[in-house]
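Visitor: I've got a structure open and I'd like a close look at one part of it: the charged pairs. Could you walk me through them, and then through whatever surrounds them?

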Amino acid sequence: MNRLTVLLICLPMAFARSQDVASAFAEAPPDETSPFFVSGGLMAEENQQASLRDSPSKGYPRVKTATDSPWGQMVGFFKGLVPVDKLGGPKPPAQEASLLLEPQNPVLSRERELSVTYLVRNNSKKMTRLEFPTSQHIEILTKNASGGVVDRWSDDRAFQKEEGIVVINPQERIEYQEKVSTRDMRVGQAYTIKVSLKTQPDHSITQVVNPR
């Protein structure tokens, strides 16, 4: 038997043997009945969604206070425990004025004056300095429904021409107590009492009285 004949006989045997080896190492097809089976299309879709979810560009630009951010979730949690004004809510003005009138609705037949209590409070953390050119610190005006002045508190008083300084410490207040006349008021008409610091008109405050 020559070499050519031997080669022709061995080639089919070698090919068959290589096919057996390939079959042995081939990956077995997945069992679709298994609860752990995931099709290739579904797995690719899940991988794509995961990459989009973890992408740095998702939701860009990120807002620090967004409700789904860690900061937003933390603020949302503490809002239920701390009042809103403690978390950066609206702050009170640095200086705040208030006015109290007694009686609110005077009976003109027996009440000739109104008691006026005017307060200015320093809500800031710094000392407030108020300067006045004379000894007059406040002004009180009584106005009718048309806006006309029927009584000016300072008209019946004399003031010294000397400079005055008032200092209000943080979280403290100054208080002025005066009287205004009701002689020019009429029953059934509304009047506005306006009080302000002489050199600080932005501290003015008003209240309406209805004489009886």
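**Salt bridges and their surroundings**

Guide: Let's start with Arg129, which forms a salt bridge with Glu131; their closest N and O atoms sit 2.8 Å apart. Keep in mind that this is a predicted model.

Searching the whole structure turns up 4 salt bridges. In general, side chains of opposite charge can pair when their charged atoms come close. Another of these pairs is Asp151 with Arg183, where the closest N and O atoms are 3.8 Å apart. This one links distant parts of the chain: Asp151 belongs to strand S5 (residues 149-152), Arg183 lies in the loop between S7 and strand S8 (191-197), and 32 residues separate them. Asp151 has a relative accessible area of 10%, so with the cut-off for buried at under 20%, Asp151 is buried. Salt bridges with shared partners also tie Asp151, Asp156 and Arg183 into one network.

Then there's Glu175, which forms a salt bridge with Arg173, the closest N and O atoms being 3.9 Å apart. Glu175 is partly exposed, at 40% relative accessible area.

S7 covers residues 173-181, and it belongs to an open sheet of 3 strands in the order S1-S2-S7, with antiparallel pairing. Strand S1 (95-102) and strand S7 are the edge strands, each pairing on one side only. From one strand to the next, the twist averages 15°. S1 and strand S2 (residues 113-122) pair in the antiparallel sense over 8 bridges.

Follow the chain into the loop between S1 and S2 and you'll find Pro106. Its relative accessibility is 0%, so Pro106 counts as buried. Beyond its neighbours within four places in sequence, Pro106 is in contact with Glu111, Leu114, Val209, Asn210, Pro211 and Arg212. Take Pro211: it is 105 residues from Pro106 in sequence, yet the two are 5.0 Å apart in space, C-alpha to C-alpha.

Last stop, away from the charges: Met127, Ile165 and Val167 make a nonpolar surface patch of about 280 Å². Ile165 has its place in strand S6 (residues 164-168). With a relative accessible area of 48%, Ile165 is partly exposed, and patches are made of residues with over 30%, so Ile165 clears that cut-off.

Key. Residues numbered from 1 in each chain as written. Predicted model: local features only at pLDDT ≥ 70, side-chain atom pairs only at ≥ 80, totals over all residues. Heavy atoms only, no water. Patch = residues over 30% accessible without salt bridge, like charges linked within 9 Å, V, L, I, M, F, W, Y side chains within 5 Å. Areas by Shrake-Rupley, 256 points an atom, 1.4 Å probe, with all protein chains shown as cover. Salt bridge = Lys/Arg side-chain N within 4 Å of Asp/Glu carboxyl O. Helix = DSSP H or I, 4+ residues; strand = E, 2+ residues; numbered from the N terminus. Buried < 20%, exposed > 50% of the residue type's maximum accessible area, 1.4 Å probe, protein only. Pairing = 2+ DSSP bridges. Axes fitted to C-alpha atoms, helices over the stretch in contact; angles between N-to-C directions. Contact = heavy atoms within 4.5 Å.
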